[in-house]
Amino acid sequence: KRVITVAQSMSDRRSACNFDAFLRATEPFERRLFGSGNDNTGLIGGELSYEALKKEYRDNRVYFAANTQPASYVLNFIEALMTGTPVVALGPEHCNRDYPEQKTYEVHELITNGVDGFWSDDIPTLQGYIKKLLEDDELAKKISEAGRKTAIELFSKSAIMEQWKQFLNQL
């Protein structure tokens with residue numbers, strides 16, 4: 001029952017990766033930061049093989065999605081959701097902060113708050129969501145199953161193939 005996130009060089013890319021918000025939101029909980037270039041954070045984690053990364057997604061209770069600006073979402077968000085790891089995500093104020101004119105961030109549009117994940121721009125609210133997921137096994141299971149269902153609907157091979165077909169047929 002711990003919180004994980006995955007990012008490369010998160011503290012070195014502090015603003016773009018919302019590192020400070022990640023630290024504040026996850027501070028009260030056992031947490032791990034995975035990905036290369038994070039040795040200077042003091043958080044146990046490090047770079048993982050593909051198999052080890054899948055195991056971490058499966059074996060941990062909460063995935064904290066801090067995102068990377070100006071990306072709309074990042075692959076580790078999809079991986080966590082697809083694996084069924086309950087997701088708690090930063091909201092658009094944090095993730096569009098440095099690029100307000102672009103407003104590209106869309107995680108808060110991909111998950112329904114309290115149904116298949118959680119999101120907020122308020123740090124105490126994010127901590128409350130994490131605490132609930134860590135303490136309530138039934139809630140974590142419900143969010144896990146709904147999140148995985150959403151991930152399959154949005155990101156499965158068949159869903160993406162259909163999007164490509166529609167796009168290519170327009171050309």
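This tour goes through a predicted model, stopping at a pocket, a pair of helices and an aromatic pair.

Begin with the largest pocket, and select Val6, Ala7, Gln8, Gly35 and Asn76, which are the closest to its centre among the 23 residues that line it. The space that lies in this pocket comes to about 400 Å³. If you then colour the lining of the largest pocket by class, you will find twelve nonpolar, eight polar and three charged residues.

Move on to helix 6 (residues 123-135) and helix 7 (residues 137-155), whose axes are 5 Å apart and which pack at an angle of about 105°. Because of that angle, helix 6 counts as roughly perpendicular to helix 7. To see where the two helices meet, show the side chains of Lys132, Leu133 and Glu135 in helix 6 together with those of Asp137, Leu139, Ala140 and Ile143 in helix 7. Sorted by class, this contact of helix 6 with helix 7 has four nonpolar and three charged residues, and no polar ones.

For the last stop, turn to the aromatic rings, where the count comes to five aromatic pairs. One of them is formed by Trp164 and Phe167, an edge-to-face pair with 5.8 Å from centre to centre and 85° between the planes. With helix 8 (residues 157-170) selected, you can find both Trp164 and Phe167 within that helix, three residues apart, which is about one turn of the helix.

Terms used
Residues numbered from 1 in each chain as written. Predicted model: local features only at pLDDT ≥ 70, side-chain atom pairs only at ≥ 80, totals over all residues. Heavy atoms only, no water. 1 Å grid on protein atoms, 1.4 Å probe; cavity = no way out; pocket = protein on both sides within 12 Å on 5 of 7 lines; lining within 4 Å. Points joined across faces, edges and corners; volume = space filled by probe spheres on them. Nonpolar A, V, L, I, M, F, W, Y, C, P; charged D, E, K, R; others polar. Axes fitted to C-alpha atoms, helices over the stretch in contact; angles between N-to-C directions. Helix = DSSP H or I, 4+ residues; strand = E, 2+ residues; numbered from the N terminus. Parallel < 35°, antiparallel > 145°, perpendicular 65-115°, else oblique. Contact = heavy atoms within 4.5 Å. Phe/Tyr/Trp six-rings, centres within 6.5 Å; stacked < 30°, edge-to-face > 60°.
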